[in-house]
Amino acid sequence: MPRGRVLIVDDEANARTALSEILREEGFTTETAADGFKALGKIDDFQPEVILTDLKMPGLDGLGLMEKAKEAAPDAVVVVMTAYGTIGSAVDAVKRGAENYLTKPLDDAEALVAIVAKGIEKSRLLQETRRLRDRLRERNVFGHVVGEHESVKALLEMVQQVAPSRASVLIVGESGTGKELIAEAIHQNSPRANRPFIRLNCAALAETLLESELFGHERGAFTGAIGRREGRFKQADGGTLLLDEVSEIPPPLQVKLLRFLQTREFERVGGNETLKVDVRVIAATNRDLEDQIRAGRFREDLYYRLNVVTLTIPPLRDRASDIPGLASFFLRKYAQENGKRIEGFDDEAIDALLRYRWPGNVRELENAIERAVVLGNGPRIQRKHLPSNVVPSDVREGTPKVPGATIYELEKWAILETLEAVGGSTSRAATVLGISPRKIQYKLHEYQGGGERKSKVPEE
Ligand SMILES: Nc1ncnc2c1ncn2[C@@H]1O[C@H](COP(=O)(O)OP(=O)(O)OP(=O)(O)O)[C@@H](O)[C@H]1O
Ligand SMILES: [Mg+2]
């Protein structure tokens, strides 16, 4: 494997050849140029990792080249060469961003190789960092937030505006609208992106547990507290803490949370050591907190601390134009997960997705698509692959036409639909249809046998 790409820039032909030979012998790939402009012309194709350049050259000199190369090859490392007695200019070049310098004429091939090898190493580190950063950006700067609707664009703009600061953010939206996704997007777009993103569901724990989960506890703070434990605030130090379902925090804890937001200080449960952390708090709720305040269940002062900025995520039914995009996104995701080749949806399926009200919002849509991918076997998702609540029963596959259908077909349809609507209970379906459970069972047996049987239906 080549040890790296070195671009040698010198107006003296002999120097170019000599340097090139030494470096090639050591396994580097080289390219040469007689001045700065010629060197720039080679950067795109050659992609040098180290630029080894003379300082004094006609046309564009070493410093000029260094300046211009920053754009064309941002991860390339520059090593300058300078004649004995002009070290000052080399030092100046290093101050302006050159990685190292060598003096000419070169009498120490080992030093040359060592300096170039180090330069390559440095450049590869820079390349790797950039790749990681780009990938992070791709993945997180709304990489997987799908949405073209004005309201979503405005929301993402807000995310970008609030992300850099530590201001508390309150995210409001119905269940499944993407509150957690947006909270993560804020974190990933903030300077805290490389620090922890911690989430705590405040509805899931009873008061004492919630307090210790948030603030940690000392050994023996309560029965079962065998050792000291750090809480989520401590874990999130330097990063972001998402308090999900924040409306469910009991009032005594609301006071403690308020104090934290005012001072960034807290104590572990059962302790008196005051801890200070740097945590950005994002709160999410699917309730109307102002209603909760009026009802005396949520502190108004805490509300104002939490909602320095409020982001409201509109329900999916109010941005129906995003449904096809989201559906395709989830289709790709689950087709890949399940190793299936499905290209898209047929018109009827899209139509059904657009008509539905989506009480469970994006999460419900995601689940519906996952299910359709699992059930589907053709190249396209059809209406019949969608959950029955999404597809209105009057347009469902197999709905018999009147006139046209036989009584047998109508009866079968009525029984199966009713059964599905009541969750599969034959006794409840029987009540609805006004027939006996036994008759339903008999009919089901018959349908499973396939086709119409002429056997006698038992008497009611
Ligand atoms: N705009 C979007 N683009 C892509 N995926 C989305 C979008 N909005 C939500 N999702 C996906 O939908 C699912 C539900 O989102 P999320 O968990 O963030 O919702 P939530 O508002 O926190 O829900 P809940 O109130 O139930 O906690 C997740 O899998 C999420 O990735
Ligand atoms: Mg959530």
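I call a residue buried under 20% relative accessible area, exposed over 50% and partly exposed in between, with a 1.4 Å probe and protein chains only. By that rule F260, at 0% relative accessibility, counts as buried, and F233, at 0% too, is buried as well.

Housekeeping: this is a predicted model, where local features need pLDDT of at least 70, side-chain atom pairs count only at pLDDT 80 or more, and totals for chains, interfaces and linings use all residues. Residues are numbered from 1 along each chain as its sequence is written, chains are lettered from A and ligands numbered from 1 in the order in which they are written, and side-chain values use heavy atoms, leaving out hydrogens and water.

Next I looked up the rings, which pair if the centres of Phe, Tyr or Trp (its six-membered ring) lie within 6.5 Å; planes under 30 degrees apart are stacked, over 60 edge-to-face, the rest tilted. I found nine aromatic pairs in the structure. F215 and F266 make a tilted one, 5.6 Å centre to centre with 40 degrees between the planes. Both F215 and F266 are buried. The centres of F233 and F260 are 4.1 Å apart and the planes at 35 degrees, so this pair is tilted. I noted that ring pairs join F215, F233, F260 and F266 into a cluster.

Then the cores: sets of buried Ala, Val, Leu, Ile, Met, Phe, Trp, Tyr and Cys joined through side-chain atoms within 4.5 Å. The largest has 30 residues, and F233 and V246 have the most contacts inside it.
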